[in-house]
Amino acid sequence: MSDASQHQEIPEGPAEALAVVDAQRETYLKRHEIKPAPLLIAWGSAWLIGYAVLALYREPDYSMPRMPFLFFGGCLAAALVFTFAYIIPKARGIRGRSNREGTYYGWSWFLGMALGTIILGRVNAVLATIDTPQAREIAALVSNALPCLVVGVIFLMSAALWDEAVMGFLGGWILLITVVFTVAGAPWGWWVMSVAGGGGMLVAAVVSTVVGAKRGA
């Protein structure tokens with residue numbers, strides 16, 4: 001490397017040095033920043049459509065055909081695949097505290113959902129042996145409330161960790177509408193989860209985008 005090229009790479013003053021730092025910071029953010037809006041859109045759409053299908057196909061005795069459940073599960077699976085496809089490339093190359101925080105965050109989701117699935121499996125197995133409309137209604141309420149409890153609490157803790165107001169609002173909102181769903185029961189509870197839950201996430205995506213644009217301005 002020549003002396004001339006070395007001279008060009010060295011900032012000549014504080015202003016130029018600041019410009020170099022800002023450019024590097026912008027490059028880093030573009031590569032590693034995880035914006036909430038894409039995730040909120042993915043999960044909001046899954047909830048809005050998936051829960052609406054459950055509400056439309058619920059039987060008077062609280063039974064449910066298999067296809068609506070499979071469709072609902074497909075919506076959630078698609079959102080989950082998008083989440084991993086979006087987050088994993090962003091997390092590559094990160095070291096230190098941010099990497100540890102991401103690891104703990106991922107384990108909280110995995111272990112929380114795994115434990116919730118095991119609990120629901122045991123509870124629903126007992127309720128299936130009873131097989132009354134009341135038992136099926138309780139199974140539907142518990143199957144919805146427990147995962148939402150895990151999601152809402154993790155969102156609130158994440159908001160406290162990263163000082164993310166949108167995520168904190170969303171976590172509290174999910175817990176609130178889950179309380180309404182559990183009290184109201186099906187089928188109206190499914191509409192609450194669809195419109196208020198999924199719609200709330202989509203609104204939060206818009207708010208997050210506007211707030212992010214103002215911060216970047």
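Predicted model: local features only at pLDDT ≥ 70, side-chain atom pairs only at ≥ 80, totals over all residues.

Trainee: Where is leucine 56 found?
Mentor: Leucine 56 belongs to helix α3. This leucine is also part of a nonpolar patch on the surface, together with Tyr57, Trp188, Trp191 and Val195. These residues have about 600 Å² of accessible area together.

Trainee: Which helices supply at least two residues each of that patch?
Mentor: Helices α3 and α8 do. The largest share comes from α8, with 3 residues.

Trainee: Let me step back. How many helices and strands does the protein have?
Mentor: There are 8 helices and 0 strands. Along the sequence the pattern reads α-α-α-α-α-α-α-α.

Trainee: And what share of the residues is buried?
Mentor: Of the 217 residues in the protein, 30% are buried. The protein exposes about 13600 Å², and carbon and sulfur atoms supply 70% of that area.

Trainee: What about contacts between parts that are apart in sequence?
Mentor: Take the contacts between residues at least 6 apart in sequence: 71% of them join residues at least 24 apart.

Trainee: On to the rings. How many aromatic pairs are there?
Mentor: The structure holds 5 aromatic pairs. One of them joins tyrosine 51 and phenylalanine 72, whose ring centres are 4.8 Å apart. Their planes meet at 55°, so this pair is tilted. Tyrosine 51 is in helix α3 and phenylalanine 72 in helix α4, 21 residues apart, and the pair thus links distant parts of the chain.

Trainee: Are those two residues buried or exposed?
Mentor: Both tyrosine 51 and phenylalanine 72 are buried. For tyrosine 51 the relative accessible area is 4%.

Trainee: With what else does tyrosine 51 form an aromatic pair?
Mentor: Tyrosine 51 also pairs with tryptophan 190, and that pair is stacked, with 5.8 Å from centre to centre and 25° between the planes. Tryptophan 190 is in helix α8, 139 residues apart from tyrosine 51. Tryptophan 190 has 6% relative accessibility, so it counts as buried.

Trainee: Which residues do the ring pairs link into a cluster?
Mentor: The cluster consists of Trp47, Tyr51, Phe72, Phe181 and Trp190.

Trainee: What does asparagine 144 touch?
Mentor: Leaving out residues up to four places away in sequence, asparagine 144 touches Tyr51, Thr178, Phe181, Trp190 and Met193. Asparagine 144 sits in helix α6 and counts as buried because its relative accessibility is 4%.

Trainee: And where is serine 208?
Mentor: Serine 208 is in helix α8, which spans residues 188-216. Its relative accessibility is 10%, so serine 208 counts as buried. Beyond its neighbours within four places in sequence, serine 208 is in contact with Pro36, Ala37 and Val166.

Trainee: One last topic, backbone angles. What is phi of aspartate 131 near?
Mentor: Phi of aspartate 131 is near 55°, a positive value in a residue other than glycine. Most residues other than glycine have a negative phi.

Trainee: Where does aspartate 131 lie?
Mentor: Aspartate 131 lies in the loop between α5 and α6. With 48% relative accessibility, aspartate 131 counts as partly exposed.

Technical notes:
Residues numbered from 1 in each chain as written. Heavy atoms only, no water. Helix = DSSP H or I, 4+ residues; strand = E, 2+ residues; numbered from the N terminus. Buried < 20%, exposed > 50% of the residue type's maximum accessible area, 1.4 Å probe, protein only. Contact = heavy atoms within 4.5 Å. Phe/Tyr/Trp six-rings, centres within 6.5 Å; stacked < 30°, edge-to-face > 60°. Areas by Shrake-Rupley, 256 points an atom, 1.4 Å probe, with all protein chains shown as cover. Patch = residues over 30% accessible without salt bridge, like charges linked within 9 Å, V, L, I, M, F, W, Y side chains within 5 Å. Salt bridge = Lys/Arg side-chain N within 4 Å of Asp/Glu carboxyl O.
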